[in-house]
Amino acid sequence: MILALLIATTGCKKDNYDAPSLKLTGKLVYKGEAIGVEYNQVPYELYQPGFGKVGPISQTFSQDGAYSSLLFKGNYKFTIPPNQGPFMWKEIAAGKRDSIAVALTGDQTMDIEVTPFYMIRNANLTAASGKVNATFSIEKVITDANAKDIERVSLYINKTQFVSGGDNIAVTDLAGSAITSLSNITMSANIPGISPTQNYVFARVGVKIAGVEDMIFSPLVKLTY
Amino acid sequence: MKKISFITIFAILLGTGSCKKDSAFLDVPPKQVLPTELAFSDPALVLSILGDLYNRQRDFSSLDGHPLREYPLSPSGDIVPGWITFADFSESFPSENGSSYIVQRTGWGYDEWRIWDYGYIRDLNLFIQRATAATKLSDGDKTRFIAEARFMRANYYFEMVKRMGGVPLITDPQAYDYSGNVTPLQKPRAKESELYDFVISEAEAIKDQLPNDVNEKSRATKGAALAMEARAALYAGSIAKYGASTPQVSLPGGEVGISSSLANGYYTKALAAAQAIINGSAGSYQLYKVLPDLADNFAAVFLDKSSVNQEAIFVEDFKVNSGKVHPFTTNNQPFSISDEGLDAGRLNPSLNLVEAFEKLDNTYAPLATKDASGNPIYYTDQLDIFAGRDARLAGTVLLPNGSFKGKRTDVWAGYQLADGSILTSGDAGQLKPLPGTSTPVQVTGKDGVINGQEFRTQTGFYIRKYLDPAVGSGRRGRGSDVAFIRYRYAEVLLNAAEAAFELGQVPVAAGYLNQVRSRAGLTTALTPVDITFDRIVHERRVELAFEGHTLYDMKRWRIATAVWDGAPMTVNDLVSNIGKATKRNTQPYGLWPYKYYNPGNPNNGKWLFKEILPSPVTGSNRFQLGNYYSQIGDDVLSANPKIVKQPNQ
């Protein structure tokens, strides 16, 4: 009887592993300044070598360029797949992507330093008389052989905080060929009727770079009118 | 005494029964498994093996569906219903609430569309090896069987290269020697061009070993081999030519991407293979021109399985009462004409596709819903708005008030009242009185249109292609046996036209296009000046709608990222630039008919139409560069380190 009880109680321990609990967080930055991207479109991958099969833990950046993963303690390699994101990623040889080693022992914050093709500077978005007006300048960061042209600049408005080419209620495009000076660009977009009515919109400006899939965005602003 | 003799006999029997040698006793031939030599001794047995292999051929769209996740093979055996394999890319709307994700997602996962069935490839390779070694088959049978297996293998590799780019090209049944070392079994990916070269060379090698028979449609023939060759060479040519515009979609080893210098060579091969069919060297294939009504005639191309139909070249056939049937008609029949109560109306073609069908004078025009000053146009009959269009419209799409099984569909969204408001209800059975009256009447169609009401059309249209008019075809128990056409003569003509156009032989291209178009009632011939890339794209879209070509065509022309750019569509997007290859097509619109109620007004009781985005459509399709070639599974990558990853993933 006692033996049976003993067996029963020792059998009560769960044989599961604890869920991963260490947080790896950070954001995409260029010289300390955050890089905005489209929600759920720019992926990153974490590899944990040494366990036989090799497969990435894939996740995407949020639209302010932040990322976070819950992981086990261990050594990881962080990388971004080829041709993803509006920036350059180091390549160690043609087609071979460099990776960042992460030794995870506790919660850790690691900002990812990348070199974007362009940066949107001094974005100033205001809402007035049914319109969103934006003034900003664009800095061309990569000017060497890898430089790329601007395909277009877009001002997006949405009623929720997700603002991009796929999530918007209004958009104004400015073709790259129509930009004469990268400093002091002005754009405006009409705010359409919103049902149910709300007295605010979210807006940001994005740059589409020729030959690059993902756009780079200015910080999101909430405009109340 | 009797007892004793029984016992003796029993003892003797026991004694003799155990006289067999131990080895012979243990060596009993299996009763459930046919040994290889036996299976390959009789043509009927070999044909049954081939039948299984034919059943495992893979198409993009399939009337009876396909395994939920082909790779890794679904252990649960879940099947994607056939109609869903036709329901994407904004060419249609899924009127089944459980499938609304198709119009609510904002794009496709990188693993979408991937296949990797090397088990099937191995079975084909084993079949070829065993059939080659067979001794009891006649030479004629043997040659044909082997050629058929090689056709299927090439066709499956073709299906893989369309989705995955270059894959390991394995043409022998690999055997593991249990040495613990699997390295010799690990093959790297071949170049994308090598896969296409393989398909083309296999087709050339086997075409004269296959029967030259127009009436053989469910087994490989010379026509099927040539049609496969023409399509494969055309795909390779266009990837070579248009791939130059997307240098990001390529790998340094050539596993993805084909050098643009090879384009003309492939186009030349495509044209030659297609012309071999057109000039009759594979049998007297021709366009189906039997019925006087051109729309009915076009629909019958897919329904007529008699020898009159010399358009179909290679099909996946079905047969009622044989176990191989499909529920396409059950799933998609008009609601009020359904044989099966609530089982109906899932696949609704979109207005985006309907607008693409030209007027009979070869011009593009949106369906006229409003006059120049913005007032609605009133039509006496719902079908009037579609009058004077390409006959393939009514042959592909079941229009409002269209006829099916001798009945007319009842499609309308409500009454448009004189004060501008709309009187509608949540269901056709829910009656309401019209203003100024007290008798409740029906205020919406029995076949829709009501937002979110599944199994009835939510775009205003039902599918007509493949919809089986046979009695009982809509019942679940009986099912339908309409065949799925994998290769048909009209596509061969379009392939030839495209290849000729790309080679600069524009008058030749115009000739082939005009053959296909005149069958559809577009009798004003296109002149060589009219033939543009947009024309080629347009013609394939309307002729081959719902035949599993859309994705592959958009991919090989590298315009998928423009057509499905992820931006929501406006009505203005919908009605402008019709016939332009890169026209945005991210959300499926509907065309909703309303009955005008204004007693005393001359338009009272007439129909007006509105372009409406069905409310379940909340996403917009975005095709990313990483979607051009489907992701290779992580387990494949880790099991075989020689496999390189896809670009952009």
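Author: We'll go through some strands of chain A and then some helices of chain B. Keep in mind that this is a predicted model.

Reader: Fine. Which strands make up the open sheet of 4 strands, and in what order?

Author: To read a sheet, list its strands by who sits beside whom. Here the order is β4-β3-β6-β10 in chain A, with antiparallel pairing. β4 (57-60) and β10 (100-104) of chain A are at the edges with a single partner strand each, so one side of each has no neighbour in the sheet. On average, neighbouring strands in this sheet are turned by 30 degrees against each other, direction ignored.

Reader: How many bridges pair β3 with β6 in chain A?

Author: There are 3 bridges between β3 (residues 43-47) and β6 (residues 74-79), in the antiparallel sense.

Reader: Now β18 in chain A. Which residues are on its covered face, and which on its uncovered one?

Author: For this one, look at the two faces of the strand separately. In β18(A), residues 185-190, the covered face has Ile185(A), Met187(A) and Ala189(A). Thr186(A), Ser188(A) and Asn190(A) make up the uncovered face.

Reader: And which strand do the 6 bridges join to β18(A)?

Author: That's β15(A), residues 131-140, and the two run antiparallel. Phe136(A) has Ile185(A) as its bridge partner, and Asn133(A) stands opposite Ser188(A). β15(A) also pairs with β14(A), residues 118-128, over 9 antiparallel bridges. The β14(A)–β15(A) hairpin has 2 residues between its strands, and Ser129(A) takes a positive phi near 40 degrees.

Reader: On to helices. What length does α7 of chain B reach, and what is expected?

Author: Compare the end-to-end reach with the expected value. α7(B), residues 139-164, has 26 residues and reaches 37 Å from its first C-alpha to its last, close to the 38 Å expected at 1.5 Å a residue. This helix is mostly covered, with 20 of its 26 residues buried. Gly165(B) follows α7(B) and has a positive phi, near 80 degrees.

Reader: Last one: at what angle do α9 and α10 of chain B cross?

Author: For a helix pair, check the axis distance and the angle. The axes of α9(B), residues 222-242, and α10(B), residues 263-278, come within 7 Å and cross at roughly 155 degrees. That makes α9(B) roughly antiparallel to α10(B), because angles over 145 degrees count as such. Their crossing is left-handed, and by class their contact has 16 nonpolar, 3 polar and 3 charged residues.

Key: Residues are numbered from 1 along each chain as its sequence is written. Chains are lettered from A and ligands numbered from 1 in the order in which they are written. This is a predicted model: local features need pLDDT of at least 70, side-chain atom pairs count only at pLDDT 80 or more; totals for chains, interfaces and linings use all residues. Side-chain values use heavy atoms; hydrogens and water are left out. Axes are lines fitted to C-alpha atoms, for helices over the stretch in contact, and angles run from 0 to 180 degrees between N-to-C directions. Angles under 35 degrees count as roughly parallel, over 145 as roughly antiparallel, 65 to 115 as roughly perpendicular and the rest as oblique. A crossing is left-handed if the near helix is turned anticlockwise from the far one by less than a right angle, and right-handed if clockwise. Ala, Val, Leu, Ile, Met, Phe, Trp, Tyr, Cys and Pro count as nonpolar, Asp, Glu, Lys and Arg as charged, and the others, Gly among them, as polar. The expected span of a helix is 1.5 Å times one less than its number of residues. Buried means under 20% relative accessible area, exposed over 50%, partly exposed in between (1.4 Å probe, protein chains only). Two strands pair if DSSP finds at least two bridges between them.
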